[in-house]
Every structure is written in C-alpha cells, then in structure tokens.
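Look at the fold below before reading on. The paragraphs then take it sheet by sheet.

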Amino acid sequence: MIAPPAGAPDAPFIAISGLRKSYALGGVVVHALDGVDLGIRAGTFHTIMGPSGSGKSTLLYLLGGLDRPTAGRIVVAGAALQEMDENALAAYRREVVGFIFQSFNLISSLSAWENVAFPMRFAGISRRARRERAFALLERVGLADRRQHRPSELSGGQQQRVAIARSLVNEPRLVLADEPTGNLDTASGQSIMELLAELHSDGRTIVVVTHDPRMAAYATHQVFLLDGRTVSDAEYHAVTGMPGGPIARPVAAPASV
Ligand SMILES: Nc1ncnc2c1ncn2[C@@H]1O[C@H](COP(=O)(O)OP(=O)(O)OP(=O)(O)O)[C@@H](O)[C@H]1O
Ligand SMILES: [Mg+2]
C-alpha cells in the first residue's frame with residue numbers, strides 16, 4: 001500500500017481552486033480552463049470526461065506540474081504547485097507523479113527495459129539496479145518476456161504497458177493518464193483499464209482523462225468538463241447526449257496486488 005499523505009486527515013490529497021489557463025494566439029485568447037474547483041481524496045480513481053477542446057489535457061498537465069496555471073491554486077499533499085520554483089516542480093513530477101500519455105512516448109531506439117529504466121538515469125542508481133527495477137516493473141505489467149523488445153516490436157497495448165511500468169519507477173502516489181486507451185483496440189484498452197484499476201487497488205490516486213465511457217466503470221468519481229469548467233453529470237448529459245451517470249463495471253474487480 002502507498003502511505004497516506006501527510007497533513008490533516010480530512011484535507012483532500014489534491015485541492016484545486018479557481019484554476020485558469022489562458023492561451024493568447026494571434027490576438028485571440030482561449031480560456032482552456034475557466035475557473036475549475038476540484039477536490040480529490042487520496043486513493044480515489046477519478047475520470048475526467050469532456051468534448052474535444054474542453055480543457056481535459058490542460059487540467060491534467062497542470063496537475064502533473066508539466067505546465068503552470070494562469071491563475072488559481074493546485075495544492076497536492078499540502079504543497080502548492082504554483083509557488084514552486086522549477087527545481088521543486090521537477091522534484092514533484094519525479095517523486096509524486098507518474099504520467100501516462102495517449103501516444104506512449106517511448107524512445108524508439110531503446111528496449112522495453114531501457115525505456116522503463118530511463119527516468120532513473122540521473123538518480124545515481126547503478127545500471128544493474130536500474131535493470132533489476134525495470135525487470136520487476138515489466139513483470140508487474142505482464143511483459144516479463146518482452147524486456148529486450150524495442151517499441152516497434154511491441155503491440156500498442158504492450159507499448160502502453162511499458163509506458164505504465166516507466167510511470168511507476170519512482171513509486172508515484174499519483175498516477176495521471178491522458179487518454180491511455182485512445183490509440184488501442186477494444187481488448188487492449190480493456191486490459192490497460194484493468195491495469196490502472198490494479199494500481200488503484202494498490203492505494204494510488206488515479207486521474208484518467210478519457211473519451212471511453214467504459215473507463216467510468218473503474219472510477220470512484222467522475223468529473224465532467226465543458227468549455228473549461230466542471231459541470232454536473234446531468235448538465236453534461238443534457239449538453240452532450242453522452243452518458244453522465246455511473247456505469248456498471250463489466251468485470252469483477254481485479255485482485256489487489
Ligand atoms: N499550447 C496551446 N496554445 C494555444 N491554445 C491551446 C494550447 N493548448 C491547448 N490550447 C487550447 O485550449 C483548449 C483546451 O485544450 P485541451 O488540449 O486541454 O483540450 P482537451 O479537452 O484535452 O481536448 P482533446 O479531447 O481533443 O484532447 C483548446 O481550445 C485548445 O485549442
Ligand atoms: Mg486532450
């Protein structure tokens with residue numbers, strides 16, 4: 001299990017308030033996030049859904065410390081991201097967050113295990129120890145027999161598993177995934193969802209941006225975005241025609257590891 005966050009027992013692990021992100025392009029200002037307030041408790045599994053351009057990736061990137069807000073606050077485990085300098089933000093990304101992208105973002109010239117080990121390269125860890133850790137993580141995601149394969153020699157689902165193993169290298173308490181099943185066929189997508197559900201049962205906090213309503217079945221909470229603002233499930237359903245309510249989980253919960 002992942003240790004619970006420090007701080008007041010009732011304080012949410014993540015507290016987002018008045019969050020805004022604006023982009024000015026060619027004289028036009030786009031409010032990608034237009035005042036988002038959100039509390040996320042430790043150990044929850046949140047999905048973020050919304051139409052294209054509604055601000056989902058922007059929200060996830062800000063939460064992951066990959067970008068900075070125009071205004072507002074993000075406090076994670078008592079630490080205010082917007083007050084961190086670049087070094088502190090880099091440490092936050094490295095130590096607290098595991099990030100999973102739709103396009104896997106693997107290095108094509110490296111083997112699966114070298115990709116997983118990549119974030120450890122400057123951490124003063126011996127190559128042997130990095131290799132052992134990478135091997136263990138690849139086993140964890142069901143790829144023990146693909147350690148030496150390069151990304152081009154792996155299926156999409158396998159590449160995403162490698163990316164998930166890489167995201168776990170520093171034992172992140174918070175796992176953020178931006179459409180992790182977006183490039184995968186139905187069966188591979190399902191197995192990635194189940195892997196995320198396992199990470200959740202390990203005690204991690206999971207936030208997944210997704211277009212796939214099946215992902216909601218794994219979530220403890222659903223967040224809906226329209227035009228850079230959070231809306232209720234009823235409003236989301238009324239505006240988009242997409243299901244807003246909870247969806248029954250299709251399979252039994254995977255066993256906790
Ligand atoms: N770097 C940028 N420069 C200018 N505008 C941007 C930038 N990044 C995002 N935007 C704009 O901000 C809005 C929100 O973008 P975002 O990528 O968060 O949407 P999204 O909900 O993730 O969409 P999708 O489902 O297509 O991935 C969009 O209107 C987009 O054009
Ligand atoms: Mg996006």
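Which residue is the bridge partner of Thr 47 in strand 8? The partner is Val 208. That pairing belongs to a predicted model, in which local features need pLDDT of at least 70, side-chain atom pairs count only at pLDDT 80 or more, and totals for chains, interfaces and linings use all residues. Residues are numbered from 1 along each chain as its sequence is written, while chains are lettered from A and ligands numbered from 1 in the order in which they are written.

Start with the whole chain. The chain has 7 helices and 10 strands. Helices (H or I, at least four residues) and strands (E, at least two) are DSSP runs, numbered from the N terminus. The radius of gyration, taken over C-alpha atoms, is 18 Å. The globule rule (2.2 Å times the number of residues to the power 0.38) gives a value close to this, 18 Å for 257 residues, so the chain is as compact as a globular protein of that length. Along the principal axes, the C-alpha atoms fill a box of roughly 50 × 45 × 45 Å. Of the 257 residues, 39% count as buried. A residue is buried if 20 or more other C-beta atoms lie within 10 Å of its own, exposed if 12 or fewer, and partly exposed in between, with C-beta atoms placed from the backbone. Two residues are in contact if their C-beta atoms, placed from the backbone, lie within 7 Å. Among contacts with a separation of 6 or more, 69% join residues 24 or more positions apart.

Strand 3 (residues 45-49) pairs with strand 8 (residues 205-209) in the parallel sense, over 4 bridges. Two strands pair if DSSP finds at least two bridges between them. The sheet is open, has 6 strands in the order 6-7-8-3-9-10, and its pairing is mixed. Strand 6 (97-100) and strand 10 (229-231) are its edges, each pairing on one side only. Neighbouring strands are turned by 25 degrees against each other on average, direction ignored. Helix 5 (residues 156-167) lies across strand 6 and strand 7 (174-178), running at about 165 degrees to strand 6. Axes here are lines fitted to C-alpha atoms, for helices over the stretch in contact, and angles run from 0 to 180 degrees between N-to-C directions.

Strand 1 (residues 14-25) and strand 2 (residues 28-40) run antiparallel and are joined by 10 bridges. One of the paired positions is Ser 22, whose partner in strand 2 is His 31. The two strands make a hairpin with 2 residues between them, and Gly 26 in the turn has a positive phi of about 55 degrees. Strand 1 also pairs with strand 4 (residues 71-76), antiparallel, over 5 bridges. There, Arg 20 stands opposite Ala 71.

Next comes the ligand. Residues around ligand 1 (C-beta atom, placed from the backbone, within 6 Å of it) include Tyr 23, Val 30, Gly 50, Gly 55, Lys 56 and Thr 58. Strand 1, strand 2 and helix 1 (56-63) each give two or more residues to this shell. Helix 1 supplies the largest share, 3 residues. Helix 1 is mostly covered, with 6 of its 8 residues buried. Among the buried ones are Lys 56 and Thr 58. Just after helix 1, Gly 65 takes a positive phi of about 70 degrees.

Two loops deserve a stop. Most residues other than glycine have a negative phi. Asn 105 has a positive phi near 55 degrees. Asn 105 sits in the loop between strand 6 and helix 3 (112-117), and is partly exposed, with 13 other C-beta atoms within 10 Å. Ile 107 is in the loop between strand 6 and helix 3 too. Ile 107 is exposed, because 12 other C-beta atoms lie within 10 Å. Leaving aside neighbours within four places in sequence, Ile 107 is in contact with Asn 115 and Phe 118.

Asp 227 lies in the loop between strand 9 (221-226) and strand 10. Phi of Asp 227 is positive, near 50 degrees. Asp 227 counts as partly exposed, with 15 C-beta neighbours inside 10 Å.
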